[in-house]
Amino acid sequence: MSRSVLIENVTAMLADAGFTVSDRCATRPKSFDVAARREKDVILVKILGNIDAFDAPTGAEMRRLGTYLNATPMVIGLRTRDEELKPGVVYFRHGVPVLSPDTAMDFFVEGVPPLIYAAPGGLYVNIDGEVLADRRQNEDLSLGQLANELGVSRRTVSKYEDGMNASIEVAMELEDLFGGDLTSPVSVMEGAEEVRDADPTPDDPEADPEDVPVLSVIARVGFEVHPTDRAPFKAVSEDASGADRLLTGHSSFTDTAVKRARIMSSLGAITHTRAVYVVDEASRESVDDTAIVEREELEDVQDSDEFRDLLADRGAQSEA
């Protein structure tokens, strides 16, 4: 299956699941292919045939963008170099959850969350420690007796009851012993919290020197600016309250700039984020809902209210 067909299939699946899906990010550089929203859930999706192509810088950028846009980054892919991705299993690459199309279909369309995740050493599940402790006590088993049944230490069983995850083999033994389901779903839409806790959001990259004057003005009028290096925009910015966010592009006003501005407008609609594209000279005031602002105009802006009025006049009025 070609990557283009795979992208079409995944976007169609997301639409069937009730997501509104952005235009495809067809310009380079890019870290994700589409953004999608279903009610309060927002995802940034990279779609790959072989997930080995997903490198650390791309993972870092997706995680930054997920933080700034209140979105969950994820990869949907078919295989690694060695094998097809297993259905019902969540993989992790560079702190980003990875799902096969079948796993994504079950999760988003059927509402069946994955229960297994891959980590160094094999496949694991989340044990519901409280349920395990209740089942053990109902069977009148001590920690030591259960440990002997499983062939592990007493301390390991105690850790399972405190919430430590277990290999899929141990989980199957526990369910054979006690019956019923002892596992809890892998947290996908919450952004793989355990991975994020262990590996904090990467630092922002340095802004391109050509973009610094533009981004400096946005900072001067009250926004915290986060430069990007693999996105169809140069920065994501947010005001002090965190309620007003802004996608910023900057280049000469070319056909490529118009394409990027259209993508930014589509992404802004999904992420509830304003969009502005700064150029030296412009022949129009907006591209879809992306405001087109000349650099001299921007440099004349004195404060945040004047800046917001300028964006509103140009059509960039996505609600936060």
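Mentor: Two strands pair if DSSP finds at least two bridges between them. Helices (H or I, at least four residues) and strands (E, at least two) are DSSP runs, numbered from the N terminus. This is a predicted model, in which local features need pLDDT of at least 70 and side-chain atom pairs count only at pLDDT 80 or more, while totals for chains, interfaces and linings use all residues. Residues are numbered from 1 along each chain as its sequence is written, and side-chain values use heavy atoms, with hydrogens and water left out.

Trainee: Which element has the lowest mean pLDDT?

Mentor: pLDDT is the predictor's confidence in each residue, from 0 to 100. The protein chain averages 90, and 95% of the residues score at least 70. Where pLDDT is low, the predicted coordinates should not be read in detail. Among the elements, strand S1 (residues 20–21) has the highest mean, 98, while the lowest, 48, belongs to helix H8 (residues 193–198).

Trainee: In what order do the six strands of the open sheet stand?

Mentor: S14 (residues 274–279) and S16 pair in the parallel sense over four bridges, whereas S15 (residues 286–287) and S16 pair in the antiparallel sense over two. The pairing in the sheet is mixed, and the order is S11-S12-S13-S14-S16-S15.

Trainee: Which strands are at the edges?

Mentor: An edge strand here has a single partner strand, so one side of each is left without a neighbour in the sheet. The two strands are S11 (223–227) and S15.

Trainee: What is the phi of Asp288 in the turn?

Mentor: S15 and S16 form a hairpin with two residues between them. Asp288 is in that turn, and its phi is positive, about 55°.

Trainee: How many residues of strand S16 are buried?

Mentor: Buried means under 20% relative accessible area, exposed over 50%, partly exposed in between (1.4 Å probe, protein chains only). S16 (residues 290–294) is largely enclosed by the rest of the structure, because the buried count among its five residues is four.

Trainee: At what angle to S14 does helix H12 run?

Mentor: Axes are lines fitted to C-alpha atoms, for helices over the stretch in contact (heavy atoms within 4.5 Å), and angles run from 0 to 180 degrees between N-to-C directions. H12 (residues 304–313) lies across S11, S12 (235–239), S13 (245–250), S14 and S16. Its angle to S14 is about 90°.

Trainee: How far apart are the axes of H5 and H6?

Mentor: H5 (residues 143–150) and H6 (residues 154–161) pack at about 100°. That makes H5 roughly perpendicular to H6 (65 to 115 degrees; under 35 is roughly parallel, over 145 roughly antiparallel, the rest oblique). Leu146 of H5 and Val157 of H6 are among the residues making the contact. The axis separation is 8 Å.

Trainee: Is Arg135 buried or partly exposed, and at what relative accessible area?

Mentor: Arg135 lies in helix H4 (residues 129–138). Beyond its neighbours within four places in sequence, Arg135 is in contact with Phe178, Gly179, Gly180, Asp181 and Leu182. Arg135 is partly exposed, with a relative accessible area of 25%.
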